[in-house]
Amino acid sequence: MRKVLVITYYFPPCTGAPSWRPYSWALNFSKHNLKPTVITRHWTGKESSWEDFLSDNKSAPSYSSNEHFDVYYLPSKRYKFNDLLVRYRWARFVFGNLYFYFGSEGSF
């Protein structure tokens, strides 16, 4: 059986809609003779707001396995830069425009 690595931020027990796509991949890969290994962050399953989805989770790394896939849950840390952008509107305007200018394909 060949192996596949799936790296995803959202994965069950996360309750958000984006978690179900990588979950379905993990289930369906095993039907095609592929053994997926999923790497994701720790989730409690009780996340209900945007702040919950972005909050720190400093739990120790853990591992779970079932007949379809293996999952490694890792700690996560919120980027402090994002907090600055939320707090200071002028910074969001400046950095957002710089990102748009330098990040777009046709800028150079």
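Analyst: A salt bridge here is a side-chain nitrogen of Lys or Arg within 4 Å of a carboxyl oxygen of Asp or Glu. The model is a predicted one, in which local features need pLDDT of at least 70 and side-chain atom pairs count only at pLDDT 80 or more, while totals for chains, interfaces and linings use all residues. Residues are numbered from 1 along each chain as its sequence is written, and side-chain values use heavy atoms, with hydrogens and water left out.

A search of the whole structure finds 1 salt bridge, formed by D70 with K35, whose closest N and O atoms are 3.7 Å apart. Because D70 belongs to strand β4 (residues 70-74) and K35 to strand β2 (residues 34-41), the pair ties together parts that are 35 residues apart in sequence; strands (E, at least two residues) and helices (H or I, at least four) are DSSP runs numbered from the N terminus. D70 is buried, with a relative accessible area of 13%, whereas K35 is partly exposed, at 21%; buried means under 20%, exposed over 50% and partly exposed in between, with a 1.4 Å probe and protein chains only.

Turning to the rings, the structure holds 10 aromatic pairs, where rings of Phe, Tyr and Trp (its six-membered ring) pair if their centres lie within 6.5 Å, planes under 30 degrees apart counting as stacked, over 60 as edge-to-face and the rest as tilted. One of them joins F11 and F69 edge-to-face, at 5.7 Å centre to centre and 90 degrees between the planes. This pair links distant parts of the chain, since F11 sits in the loop between β1 and α1 and F69 in the loop between β3 (62-65) and β4, 58 residues apart. Both F11 and F69 are buried. The rings of Y63 and Y72, by contrast, have centres 4.8 Å apart and planes at 45 degrees, so that pair is tilted; Y63 is partly exposed, with a relative accessible area of 44%, and Y72 is partly exposed as well, at 37%.

There is also one aromatic cluster formed by Y9, Y10, W43 and F53. R41 lies over the face of W43, at 4.1 Å from the ring centre, a charge counting as over a ring if NZ of Lys or CZ of Arg is within 6 Å of the ring centre and within 35 degrees of the ring normal.
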